[in-house]
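Me: Please take a close look at the packing of rings and helices in this protein, and tell me where I may read the coordinates in detail.

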Amino acid sequence: MAAPESTVPIEIRQHNALTTARYEMSACEMDIVFSLLSKLTKQDKAGTIYEIRVQELMEMTGRTWNYKQLLESTENLNSRVYHIENGKTLLQVSLLASALYRKGEGTIELEISERMRPFLIDLKSNFTSYRLQAAFSLSSKYAKRIYQLASQWKDIGETKTYSLDEFKGMLKLKDPAGKEPEQYSQISALQKYVLDVATNQINEHTDLRIKYELLKKGRSYQSIKFYVNTQVPQQLPIPFELEADDAKVQLARKHLETLGIAEPAGAGHSAVVQARGCAVCLHLQAENR
């Protein structure tokens, strides 16, 4: 029996070259990118404008981004450079060609740069697919990146073995040219602030369950591998087909059911909306553990 439409997870895609590209983004920037990717279709032409509604973004992520944060994030996305290596070429490319804010309307209009389009539009092979809500549910920017990386290998069960230099380069923790100081140079710090945080969040909130293995050469750790299994995600799917208020009410009911709280017989829309605040707060507290 097919699942109801509201429970079908939304999958987004990007070329594998983007999954393993070297770049750095904040959590807010990545949430904007995830929202943008969910709006792409294979029929999109060059110059297509994609509208992001700020209220919808906050409802989907469960996080509040103020105007200043969003403005800084889209400005950064205009200047952030992906380093994509393919054989004898190294492409330096930014994601966005432009970002337009409609003040007072709560909307952002985004345009993808032309050189980036082949890595996002109408992908038929060599792509990574992952779940939109799972990506949204992760608060750590490193968890979001590692979730994408693990998703590339989910059908195989384990990633390739990455040298630590390669892995840290993808996350922009180490500059291959050595011009910027390396972050988390001690393996214990890398584990504590990057790997363990990412693993815990991914295992708790997404459709994947991962573990990592650090490999030694001699007396020091030189490489890393991830093992990947699928699981039933714990976070609730977003009922995209409903109006915003109705979607909130449905999510509230599901949160209450999860908590074992029965809705009183005859309770109306307003009662559920009042209960929603408590349920959502508890859910977000659990997300941030």
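Reply: There are nine aromatic pairs in this predicted model, a pair being Phe, Tyr or Trp rings (for Trp the six-membered one) with centres within 6.5 Å, called stacked if the planes are under 30 degrees apart, edge-to-face if over 60 and tilted otherwise. One of them is the tilted pair of Y23 and Y82, whose ring centres are 4.4 Å apart and whose planes stand at 45°. Because Y23 sits in the loop between α1 (16-19) and α2 (27-37), while Y82 belongs to strand β3 (residues 82-86), the pair ties together parts 59 residues apart in sequence. Helices (H or I, at least four residues) and strands (E, at least two) are DSSP runs, numbered from the N terminus.

From α2, C28, E29, I32 and V33 take part, and from α4, Q69, L70, S73, T74, N76 and L77, contact meaning heavy atoms within 4.5 Å. By class, these residues are five nonpolar, four polar and one charged.

As for confidence, the mean pLDDT (the predictor's confidence in each residue, from 0 to 100) is 82 for the protein, with 78% of residues at 70 or more. Among the elements, helix α8 (residues 187-205) has the highest mean, 97, whereas helix α10 (residues 269-287) has the lowest, 41. Over residues 1-6 the pLDDT is below 50, and this stretch has seven contacts beyond near neighbours in sequence; over residues 235-289 it stays under 50 as well, with 55 contacts beyond four places in sequence. Where pLDDT is low, predicted coordinates should not be read in detail.

Residues are numbered from 1 along each chain as its sequence is written, and side-chain values use heavy atoms, without hydrogens or water. Local features need pLDDT of at least 70 and side-chain atom pairs 80 or more, whereas totals for chains, interfaces and linings use all residues.

Methods
Ala, Val, Leu, Ile, Met, Phe, Trp, Tyr, Cys and Pro count as nonpolar, Asp, Glu, Lys and Arg as charged, and the others, Gly among them, as polar.
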